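Welcome! Here is a short briefing to read with the structure beside you.

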Amino acid sequence: EYSAMLPADAVALPWLRGLVAAEFPEIDSARMPGHPDPWATICRDLQRLALLSRSVGDSFARQIVRIHRIVPNLVLRQMGSLGESLRLRLVAFVRTRAQHLSYPSSWGRREDAWELQATVAAADRWMANERAYGVEIAASISRALLGRQHYAEAHVLLENATHLSPALLGNNDPVTATCLNNKADLLREMNHLQASEELVQRAIR
């Protein structure tokens, strides 16, 4: 169910494991010697059924997988009222991960690169669906992109976020101001000083 609410091409397995383990702790418990890892068994079974696949040559293939595009359509139709509670858990989880990645202490961690990619993809999908939480996550994760000097990716993300935030959250919402400030920082790094100053003035009005 959680995977159906994430981008089909960027499903983070560690996220799914963490979310499922919150309900079924045995998934994440240390396995007994000689016994298979239950999570690995689940993943192998899904791969055997061609419901998920790993990209050959992808440096993040251990963490990020693709799910068959038929899965979201089928699962989302059958979830009913349970879907909302699962969506809230997923969004809260991704929001926490985005905040963690936005801390300067995380910017130099190469091992977090897969999670940065997954979080950007999630924010992009949710903003495409005009979800306010997509903008909130974009505001956090754009700080991580700036810290890692991923300016082109940050530019695309912040263009969407600054466009959507006033409509979805309001001009006076702190997230709207954060998006404007982050875009101003990006423009300053790209040496567009006048445009950067204009955005700062918009953010503090």
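Patches here are made of residues with over 30% relative accessible area and no salt bridge, joining like charges within 9 Å and nonpolar side chains (Val, Leu, Ile, Met, Phe, Trp, Tyr) within 5 Å. A salt bridge is a side-chain nitrogen of Lys or Arg within 4 Å of a carboxyl oxygen of Asp or Glu, and accessible areas come from the Shrake-Rupley method with a 1.4 Å probe, with only the protein chains shown counting as cover for residues. This is a predicted model, where local features need pLDDT of at least 70, side-chain atom pairs count only at pLDDT 80 or more, and totals for chains, interfaces and linings use all residues. Residues are numbered from 1 along each chain as its sequence is written, and side-chain values use heavy atoms, leaving out hydrogens and water.

**Surface patch**
- Ile42, Leu46, Leu49 and Leu51 make a nonpolar surface patch of about 310 Å².
- Leu49 sits in the loop between helix 2 (38-48) and strand 2 (52-53); helices (H or I, at least four residues) and strands (E, at least two) are DSSP runs, numbered from the N terminus.
- With 60% relative accessibility, Leu49 counts as exposed (exposed is over 50% relative accessible area, buried under 20%, partly exposed in between; 1.4 Å probe, protein chains only).

**Aromatic pairs**
- The structure holds 2 aromatic pairs (ring centres of Phe, Tyr and Trp, its six-membered ring, within 6.5 Å; planes under 30 degrees apart are stacked, over 60 edge-to-face, the rest tilted).
- Trp15 and Phe93 have ring centres 6.4 Å apart and planes at 70 degrees, so they pair edge-to-face.
- Trp15 is in helix 1 and Phe93 in helix 4, so this pair ties together parts 78 residues apart in sequence.
- Trp126 and Tyr133 have ring centres 5.3 Å apart and planes at 75 degrees, so this pair is edge-to-face.
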